[in-house]
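Here is a short report on one protein model. Look at the structure first, then read on.

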Amino acid sequence: MNRDKVKIAQIEVCETAKKMYHSGLVAGTWGNISSRVDEEYMVITPSGMDYDRLCADDMVLVNMKTFEYEGRLKPSVEVPVHSAVYLSRPEVNGIVHTHSTYALTMATARKPIPPICDDQVQILGGDVRLAAYTMPGTKEMADEVVKALKDRGGALIANHGAITIGRNLAEAFTGSQVLEKTALIYINTQSIGGPAEISREDVEFFHDFFMTKYGQKWKGDRA
Ligand SMILES: [Zn+2]
């Protein structure tokens with residue numbers, strides 16, 4: 001494995017973890033973030049640590065097939081979920097998992113989010129499915145999450161939280177903010193008769209536009 005790539009991933013994961021913490025998407029040490037290094041390795045946040053006190057070297061290098069890790073800190077207990085997503089989705093290079101309030105409200109009601117906002121369908125690819133309730137850190141959860149994420153950039157996890165993925169970590173982080181906002185909008189619209197859904201045709205058009213034409217090429221993009 002390329003050590004320079006590991007270093008870059010550690011810096012990226014650490015910076016994004018601090019950003020996530022200060023954005024209010026997580027409370028305490030809940031939630032975790034990772035970035036792919038290559039087909040075999042990823043860098044992930046350590047388990048149960050105060051994000052504000054962490055430095056890049058504390059981000060843990062993990063083998064996605066054996067779960068063996070390198071470093072003095074234990075990796076997040078959600079290693080199986082992150083690994084399963086990377087191994088099944090070669091185009092994915094970044095993952096953000098949160099227990100953010102509004103996404104968790106939907107996940108606790110065990111309700112998926114229909115396609116209702118333009119930015120949602122662009123970055124998340126359509127409706128946000130719900131992964132069935134399973135124990136955190138298990139293969140069952142990994143399988144359920146991979147299933148719920150099929151052809152999507154984000155999913156809810158029943159009674160637990162949300163997960164978003166991207167061609168790079170910045171995209172996955174934006175996805176987590178968009179998912180949280182979409183959940184809030186969905187809940188708000190319940191008091192005024194419920195949301196109007198975006199048609200399947202428009203969902204496909206917007207998502208394709210986002211994936212192929214929108215924005216600038218990311219610097220150092222590995223996609
Ligand atoms: Zn979690």
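Buried means under 20% relative accessible area, exposed means over 50%, and partly exposed lies in between (1.4 Å probe, protein chains only). The model is predicted: local features need pLDDT of at least 70, side-chain atom pairs count only at pLDDT 80 or more, and totals for chains, interfaces and linings use all residues. Residues are numbered from 1 along each chain as its sequence is written, and side-chain values use heavy atoms, with hydrogens and water left out.

**The zinc site**

Three histidines hold the protein donors of the zinc ion: His97 (NE2), His99 (NE2) and His160 (NE2), lying 2.1 Å from it. Donors are N, O and S atoms within 2.8 Å of the metal (3.2 Å for Na, K and Ca); water is not among the atoms, so sites may look incomplete. Along the chain the donors follow the spacing H-x1-H-x60-H. His99 and His160 link distant parts of the chain, 61 residues apart. His99 sits in the loop between β5 and α3 (101-108), and His160 in the loop between β7 (154-157) and β8. His99 is partly exposed, at 22%. His160 is buried, at 9%.

**Two helices**

Helices (H or I, at least four residues) and strands (E, at least two) are DSSP runs, numbered from the N terminus. Is helix α2 (residues 79-88) largely enclosed or largely open? Seven of its ten residues are buried, so α2 is largely enclosed by the rest of the structure. Among the buried residues are Val79, His82 and Tyr86. Their cover includes β1 (32-36), β5 (94-98) and α5 (139-148).

Helix α6 (residues 169-189) contains Ser176. Ser176 is buried, with a relative accessible area of 5%. Leaving aside neighbours within four places in sequence, Ser176 is in contact (heavy atoms within 4.5 Å) with Leu25, Val96, Thr98 and Thr164.

**Salt bridges**

Side chains of opposite charge can pair when their charged atoms come close. A salt bridge is a side-chain nitrogen of Lys or Arg within 4 Å of a carboxyl oxygen of Asp or Glu. The structure holds twelve, including these:

| Pair | N to O distance |
|---|---|
| Glu70 and Arg3 | 2.9 Å |
| Arg53 and Asp50 | 3.7 Å |
| Lys150 and Asp151 | 3.5 Å |

Glu70, in strand β4 (residues 69-70), and Arg3, in helix α1, are 67 residues apart. Glu70 is partly exposed at 42%, and Arg3 is partly exposed at 45%. Arg53 is exposed at 71%, whereas Asp50 is partly exposed at 33%. Both Lys150 and Asp151 are exposed.
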